[in-house]
Amino acid sequence: MTAVEYVTRNAAHLTDSQISKKLTSFGFPCTAGSVEHKRRQLGIAKTGGLNTHIVSESPFVKYDNPPVVEADRVVIIGDTQFPFHHAEFVNQVLDLCKAWNVRYCVLAGDVIECSSLSHFDPNWEGGNNNGIPDEVMDDLIELKSLGKSVSAKLDALIDKHGRRELASAGSVAEEWGYAKNDLRRLVNQFDDIVWEIGNHEGRVLRQMQSPFLPEDLKRMFLGDEPKVRIAPYYFTLIKSGGIDWRVTHPKSSAKGDAKWYASKYLVNVLMAHNHHLVMQRDRSGKYWAIEIGACVDESRLPYVSQRDTKGDSHILGAAIIRDGKCWLLHEESPWELLRKL
């Protein structure tokens, strides 16, 4: 076989560089440039196979590396919207995590409310500004460990005055200050946390009016906390007990949409964002399509509670993946019984 014949036969599946090396080893010394020149003379263009280099590779990043959690037990807490969270429900979920030794957590979007950055109309104010401030309340609660008699007196004092309720955040700094405190307390309970982006985090992006790194958002609230991962994705992949789950905070918030995502991505889906509590299969019957409710207290959201709307009520909910199986949690969950499992 001549050198020209070798080029003709192999141009479709070998690069010019590979052909030049082969020809050189056969006793026909040449360069990749000379092979390219001869190939063009023969009318063989780079239009297929390994020799396709007509257009260059795009310089922009591929979004094909979402956060992945590989663990037997993972809690999914969505739509906390700190500092407007439902503390009682969230604490029930965290207590169950302690009992079940759940060390991995996915915060499924809308971790922070950012009402100070909202496009909603200003709301009417109300509330009790005469109660016990948070910093004093925390000190009083710590004193309850001194004994039953002291604890009883402190309970009476707290019941009499109550906790101070703020009408609204005076600034974004004040709102974020409260959000940081409770977010930090939640993070401290786990070994590995994924902070998934949601539309409320997007309020920060809209105010910036420019691209913004998720890591910068994390530093604003948690500093350089190493056990918290955040990435430019509105979903997280979980692998537990040999079963795959997709935790998503999608663009659509319609009730029942989880089944569409399960059928599209061919995986079990846990959907946040719409604040509905739904447990069903997708249209094929092969995958779970679960909407996990929310951990925000809707009575603290003026745009929800000050005026009647036709929308469904927000339902408290969260989920724990345990050995690949989903435990959907809600207000009527038998917490005491679950803690014993």
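In which loop does Pro-232 lie? Pro-232 sits in the loop between strand 5 (228-230) and strand 6 (235-240). Helices (H or I, at least four residues) and strands (E, at least two) are DSSP runs, numbered from the N terminus.

A word on the basis. This is a predicted model, where local features need pLDDT of at least 70, side-chain atom pairs count only at pLDDT 80 or more, and totals for chains, interfaces and linings use all residues. Residues are numbered from 1 along each chain as its sequence is written, and side-chain values use heavy atoms, with hydrogens and water left out.

Pro-232 counts as partly exposed because its relative accessibility is 45%; buried means under 20% relative accessible area, exposed over 50%, and partly exposed in between (1.4 Å probe, protein chains only). Beyond its neighbours within four places in sequence, Pro-232 is in contact (heavy atoms within 4.5 Å) with Tyr-63 and Pro-214. Phe-212 is 20 residues away along the chain, and its C-alpha atom is 9.4 Å from that of Pro-232.

Now a buried residue. Asn-268 lies in strand 8 (residues 268-271). Asn-268 counts as buried because its relative accessibility is 9%. A polar atom of the Asn-268 side chain lies 3.1 Å from the backbone oxygen of Asp-244. Leaving out residues up to four places away in sequence, Asn-268 touches Ile-243, Asp-244, Trp-245, Arg-246, Lys-286, Tyr-287 and Trp-288.

Next, the cores. A nonpolar core is a set of buried Ala, Val, Leu, Ile, Met, Phe, Trp, Tyr and Cys residues joined through side-chain atoms within 4.5 Å. The largest has 38 residues. Val-75, Ile-77, Val-93, Leu-183, Leu-186, Trp-195 and Phe-221 have the most contacts inside it. Helix 4 (residues 87-100) gives this core its largest share, seven residues. Apart from this core lies another, of 18 residues, including Val-69, Val-194, Val-247 and Ile-321. Among the residues that Val-75 touches, not counting those up to four places away in sequence, are Val-93, Cys-97, Phe-190 and Ile-320.

Last, a helix pair. The axes of helix 2 (residues 16-25) and helix 3 (residues 32-41) come within 8 Å and cross at roughly 105°. Helix 2 is therefore roughly perpendicular to helix 3, a class that covers angles of 65 to 115 degrees. Axes are lines fitted to C-alpha atoms, for helices over the stretch in contact, and angles run from 0 to 180 degrees between N-to-C directions. Asp-16, Ser-17, Ile-19, Ser-20 and Leu-23 in helix 2 meet Ala-32, Val-35, Glu-36 and Arg-39 in helix 3.

Key:
Polar contact = N/O pair within 3.5 Å; in protein donor to acceptor, adjacent residues only side chain to side chain. Parallel < 35°, antiparallel > 145°, perpendicular 65-115°, else oblique.
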